[in-house]
Amino acid sequence: MAVPKRKMSRSNTRHRRSQWKAAPIALTTCPQCQAVATPHQACPSCGTYGGRHYAAAERTEHQG
Amino acid sequence: MPAPKKGPRLGGGPAHERLILSNLATALFEHDRITTTEAKAKRLRPLAERLVTFAKRGDLHNRRKVLAIVRDKGVVHRLFTEIAPDVADRQGGYTRITKIAPRKGDNAPMAVIELVREPVAKKAVVTQAEGATRRAAKDEAKAAAPAETVEVNETASEDATEAAMVSAGADDVAQTDDAAGAGADETAEERDFGPDSHPATEDGAAPEGFDVKGNADSMKYHVPGSRWYDNTTAEVWFRSAEAAEAAGFEPAGGAAAQGADAGVELGQADDDS
């Protein structure tokens with residue numbers, strides 16, 4: 001079985017982990033209700049997309 | 001074993017995938033609109049479209065082919081007698097997938113897949129082209145009377161008929177250019193938009209009693225609280241939206257966006273979020 005030849009230094013570990021970054025998600029405003037929404041998705045606050053209404057898309061605060 | 005071309009199989013095995021897809025198809029044809037994960041919706045789409053094609057042919061052989069996948073005879077009956085006539089004029093694209101926010105527990109991207117059963121809407125370009133053809137025909141009829149202008153009009157109408165779509169676009173561009181040109185000319189000499197308007201103030205603040213912004217370049221007006229109100233520089237101020245419309249201005253973003261209750265809606269949206 002292949003095993004590491006050397007101990008992974010704290011420096012190397014931390015350099016690697018310094019590259020873990022979170023990218024901000026793209027956001028738009030819903031043309032219907034002006035709430036913040038992700039593009040190309042039905043609006044979670046009013047459930048509209050492309051002039052059509054999708055009840056399944058509506059989310060309350062608890063549903064996340 | 002050959003590798004699956006369309007990504008990993010749903011469920012874990014070929015039989016399980018077949019069952020998942022046939023159950024999804026059954027549910028879709030029963031309810032018209034179902035919510036599922038985006039991956040499943042995307043895999044269901046080609047299958048469902050094929051089944052609708054079978055249903056449009058409508059004979060016994062095709063009914064049996066559908067019954068091999070959708071086992072519920074009631075649902076197949078609905079597909080053949082109710083759904084197929086609705087999509088008779090549609091050349092494919094019988095389903096629509098709309099993405100919705102991810103599911104809570106596992107953050108799986110979700111989607112709504114639905115049957116497109118409304119009548120086929122004519123594309124705006126086609127309507128425009130038809131309008132251009134009608135206009136061209138009218139021009140031609142008019143041109144027949146005065147002999148001097150025949151040549152000019154004929155070339156114009158020929159162009160319009162031959163490349164109806166292109167000329168429709170060109171017409172519009174020409175019209176807009178005209179409007180823009182006229183606008184530019186008039187701006188130089190302080191335009192007047194009627195008694196209910198007020199010219200732009202030097203500091204950009206709204207004059208007393210005039211709070212609707214008018215953009216003279218785009219000929220659109222913005223009511224307070226509407227979407228682009230704060231970003232707009234007013235060349236002219238109006239007492240009300242009606243006054244702006246009377247002066248030939250159009251509501252920015254459509255009438256709904258500039259309705260009288262735009263500000264109220266905005267307030268509600270803030271409360272929700």
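Mentor: Start with contact: it means heavy atoms within 4.5 Å. Keep in mind that this is a predicted model.

Trainee: How many residues does the contact take from chain B and from chain A?

Mentor: Chain B gives 16 residues and chain A gives 17 residues. About 1,400 Å² is buried between chain B and chain A, and carbon and sulfur atoms give 52% of that area.

Trainee: What makes up the side of chain B that touches chain A?

Mentor: Strands E1 (33-37), E2 (95-100) and E3 (110-115) and helix H9 (262-272) of chain B each supply at least two residues. E2(B) has the largest share, four residues. By class, that side of chain B has six nonpolar, two polar and eight charged residues.

Trainee: Why is the pair Arg43(B) and Glu17(B) called a salt bridge?

Mentor: The cut-off is 4 Å, from a side-chain nitrogen of Lys or Arg to a carboxyl oxygen of Asp or Glu. Arg43(B) and Glu17(B) meet at 2.6 Å, N to O, so the pair qualifies. Arg43(B) sits in helix H2 of chain B and Glu17(B) in helix H1 (residues 14-31) of chain B, 26 residues apart. Over all chains, the count is 10 salt bridges.

Trainee: Why are H2(B) and H4(B) called roughly perpendicular?

Mentor: Helix H2 (residues 38-57) and helix H4 (residues 73-86) of chain B pack at about 90 degrees, with axes 9 Å apart. The range for roughly perpendicular is 65 to 115 degrees. Therefore H2(B) is roughly perpendicular to H4(B).

Trainee: Which residues make the contact of H2(B) with H4(B)?

Mentor: H2(B) uses Leu51(B), Val52(B), Phe54(B), Ala55(B) and Lys56(B). H4(B) uses Leu79(B), Phe80(B) and Ala84(B). By class, that is seven nonpolar, no polar and one charged.

Terms used: Residues numbered from 1 in each chain as written. Chains lettered and ligands numbered in written order. Predicted model: local features only at pLDDT ≥ 70, side-chain atom pairs only at ≥ 80, totals over all residues. Heavy atoms only, no water. Buried area = accessible area lost by both parts, 1.4 Å probe. Nonpolar A, V, L, I, M, F, W, Y, C, P; charged D, E, K, R; others polar. Axes fitted to C-alpha atoms, helices over the stretch in contact; angles between N-to-C directions. Parallel < 35°, antiparallel > 145°, perpendicular 65-115°, else oblique.
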